[in-house]
Amino acid sequence: MLGNNSSRRGSSRSARLSPSISHTVATRRQRPAAKVHLTNRPSITRKKTTTTSTKKPTRISLSRAKSQLTNRLRLEPKRLTTSEYSLLGILATACLCIITAFLTIANFDPARDAERAMSNLAADYYIEFLYPRTLGSQINNPAPILSRYAEIGFPSVRLSHILLYNNGSHASYASYFNNKHYQCDTSHSYFRFYPVAPYGPRDYTVEYSPDCLEVI
């Protein structure tokens, strides 16, 4: 009787323990499946990161290529042909001729040139000839002598005389008074000088009485 009871108790304990053992075995077998499922997630994210990382350099390289092409186009100008160079040379020569013609016409004034020549002749004549010849030995004390002519002036001098003084050193000025655009009668054209205080060699005024005609 005791042996039967002990066997029954052992079978009942095994029956009680078997469901728990089977449950633990089943749970232990199911755990690796859960781990496998968890390990799959990082692989997906890694693929995404790798795909995104591979796409970025392609965009950068395309932008660099575009910038390089634009820089080459800017740095490399279009080369002109031989005919284009010759055409540019003809146009530049024509423009230069036109500008020269306009400047020549603008600067050409025979009456003005004759007046400038008279002014230069008057300055040379008074400083080099009339002033030292009038003062003589009193050149260091000019006021007592030149003050006499401050109001009345020196006697008039003909243009022909000024052109021939000092051995004709100023004879080249005659071209301003006798040309196809301007004609002067040098024998009837006069200069009159007036000394001015403090009576230095450049302290004077001059009056012109030209007998000239501009030829049109």
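**A predicted model, in questions and answers**

Biologist: How many helices and strands does the protein chain have, and in what order do the elements run?

Modeller: Start at the N terminus and read along. The elements of the protein chain run α-α-α-α-α-β-α-β-β-β-β. The count is 6 helices and 5 strands.

Biologist: What percentage of the residues of the protein chain count as buried?

Modeller: Buried means under 20% relative accessible area. The protein chain has 216 residues. The share that counts as buried is 17%.

Biologist: In which elements of the protein chain is confidence lowest and highest?

Modeller: Take the whole first. The mean pLDDT of the protein chain is 76, and 61% of its residues reach 70 or more. Confidence is lowest in helix α1 (residues 2-75), with a mean of 51. At a mean of 97, it is highest in β3.

Biologist: How many contacts does the model have for residues 14-30 beyond four places in sequence?

Modeller: Look at the confidence there. Over residues 14-30, pLDDT stays under 50.

Biologist: Which element gives the most residues to the largest nonpolar core?

Modeller: That core has 28 residues, and Tyr126, Phe177 and Phe193 touch the most other members. Two or more residues come from each of α3 (110-135), α4 (143-146), α6 (159-168), β2 (182-184) and β3 (190-195). With 12 residues, the top giver is α3.

Biologist: Which residues does Phe193 touch, not counting residues up to four places away in sequence?

Modeller: Phe193 is one of the residues that touch the most other members of the core. Leave out residues up to four places away in sequence. Phe193 then touches Ala122, Tyr125, Tyr126, Leu130, Gly153, Phe154, Tyr204, Thr205 and Val206.

Biologist: Are α3 and α6 parallel or oblique to each other?

Modeller: Two packed helices are described by the angle between their axes and the distance between the axes. For α3 and α6, the angle is about 55 degrees and the axes are 10 Å apart. Angles under 35 degrees count as roughly parallel. α3 and α6 are therefore oblique.

Biologist: Is the crossing of α3 and α6 left-handed or right-handed, and which residues make the contact?

Modeller: The crossing of α3 and α6 is left-handed. On the α3 side, the contact uses Met118, Leu121, Asp124, Tyr125, Glu128 and Phe129. On the α6 side, the residues are Leu159, His161, Ile162, Leu163, Tyr165 and Asn166.

Biologist: Which residues in α6 are buried, and what covers them?

Modeller: The buried residues in α6 are Leu159, Ser160, Ile162, Leu163 and Tyr165. Their cover includes α3, β1 (157-158) and β3.

Biologist: Why does Ser160 count as buried, and which residues does Ser160 touch?

Modeller: Ser160 is found in helix α6. Ser160 counts as buried because its relative accessibility is 18%. Not counting residues up to four places away in sequence, Ser160 touches Thr186 and Ser187.

Biologist: What separates the C-alpha atoms of Gln183 and Val215?

Modeller: Gln183 lies in strand β2. With a relative accessible area of 31%, Gln183 is partly exposed. Its contacts beyond four places in sequence include Phe177, Asp211 and Val215. Gln183 and Val215 are 32 residues apart along the chain, yet the C-alpha separation is 7.0 Å.

Key
Residues are numbered from 1 along each chain as its sequence is written. This is a predicted model: local features need pLDDT of at least 70, side-chain atom pairs count only at pLDDT 80 or more; totals for chains, interfaces and linings use all residues. Side-chain values use heavy atoms; hydrogens and water are left out. A nonpolar core is a set of buried Ala, Val, Leu, Ile, Met, Phe, Trp, Tyr and Cys residues joined through side-chain atoms within 4.5 Å. Buried means under 20% relative accessible area, exposed over 50%, partly exposed in between (1.4 Å probe, protein chains only). Helices (H or I, at least four residues) and strands (E, at least two) are DSSP runs, numbered from the N terminus. Contact means heavy atoms within 4.5 Å. pLDDT is the predictor's confidence in each residue, from 0 to 100. Axes are lines fitted to C-alpha atoms, for helices over the stretch in contact, and angles run from 0 to 180 degrees between N-to-C directions. Angles under 35 degrees count as roughly parallel, over 145 as roughly antiparallel, 65 to 115 as roughly perpendicular and the rest as oblique. A crossing is left-handed if the near helix is turned anticlockwise from the far one by less than a right angle, and right-handed if clockwise.
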